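Please open the model in your viewer and keep the sequence panel beside it, so that each stop on this tour can be selected by residue number.

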Amino acid sequence: MKMHVTRFGDYYDRHLAPCDLASHFITVIYNMHEMHVPDFEFTEIRLIAEMLERRKLSAAAARLGLSQSAASHALARLRKRFGDPLFTRSAGDFQPTPYGERLGLAAREALDVLVAGVASNRPFDPRTTTRRFTLYANDVGQMVFLPRLLAFLKKEAPGATVRTSPIPLENPGAAMVSGDVDAAAGFFDNLTTGFRQSLLFRERYVCAVRANHPKFRTGMTLEAFKASEHAMADSTGMAHAVIDRFLAKQRIQRNVALRVPGFHVLPMIIANSDLLAVIPSRLAEAFVSHVPIKVLPLPISIPPFDIRIYWHERYHHDPALCWFRTTFIKLFRAK
């Protein structure tokens, strides 16, 4: 059936100053309350919208499952309530008054918003989604997680995309509460109240040196570790700050010759120098077959740390994010 006016915004573009459609309708309801008008029934909202679209009382009544008499009485109540005819007879159908048209368009868009809200909780279909998933992950996490995750999405959710977001030093949870970031993967000690988490795996530290390093031909020794120049990544706000704390307990101080912002460049630097680096084991595994480095154990015992996926309670039941978290856990949880 042909619509006489397609959308409330079109009317406002022609007749009124721009406004928010839902806000307009809410304002109408609020003002009714202030004027001590009886409650506005859902059927009456639907009747206004259907009358604007169909221009016939009998057709609107049939659409709502009402008798024509019941629809006529409801329209009479609305006319009295608003002090406006809303719809007047003209050549076999009903034509809206200017106020009736504005109210009808607001009712239609309000109903559309409600229907969209109800539909938003339908089961998630990864094969048809075009959703972008946003993830907190540091440089090591990106190297460990993204290749396998993207390969999986290409096969199972080809329209989905991924964005990694820089991790702020202060209050990383704010973007997760707002929904700007969907999940965080790594080590976070500041995602507690209001957040859920699931263990993926336990990570440990290893030493990396170039394959033919003269000080480590026979393996790792404490003396060689202390005598070597070190390359390290700044560990502000990350689990890797524990390295120096444990070394300090053993009265070991690293001779740091190079500092870089992230871990991901260290294996390539190590392969072409006499520097030593303490790095997460999965980063070493990712590089050992591509660059000439040797992976050795630390000369002292440093406890492993937990890598987890975190999400906010607000989105625990969101179908798309439930699927994404379940996928992430299946891909990366240690067997």
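Select Val-118 to begin: with a relative accessible area of 62%, Val-118 is exposed, where exposed means over 50% relative accessible area, buried under 20% and partly exposed in between, using a 1.4 Å probe and protein chains only. Val-118 lies in helix α6, residues 98–119; helices (H or I, at least four residues) and strands (E, at least two) are DSSP runs numbered from the N terminus.

This is a predicted model, in which local features need pLDDT of at least 70 and side-chain atom pairs count only at pLDDT 80 or more, while totals for chains, interfaces and linings use all residues. Residues are numbered from 1 along each chain as its sequence is written, and side-chain values use heavy atoms, with hydrogens and water left out.

Next, go to Ala-91, in the loop between β1 (87–90) and β2 (93–96), where this residue, although not a glycine, has a positive phi of about 50°. Most residues other than glycine have a negative phi. Ala-91 is exposed, at a relative accessible area of 84%.

Then select Arg-251, which sits in the loop between α10 (242–249) and β9 (255–260) and likewise has a positive phi, of about 60°, without being a glycine. Its relative accessibility of 80% makes Arg-251 exposed.
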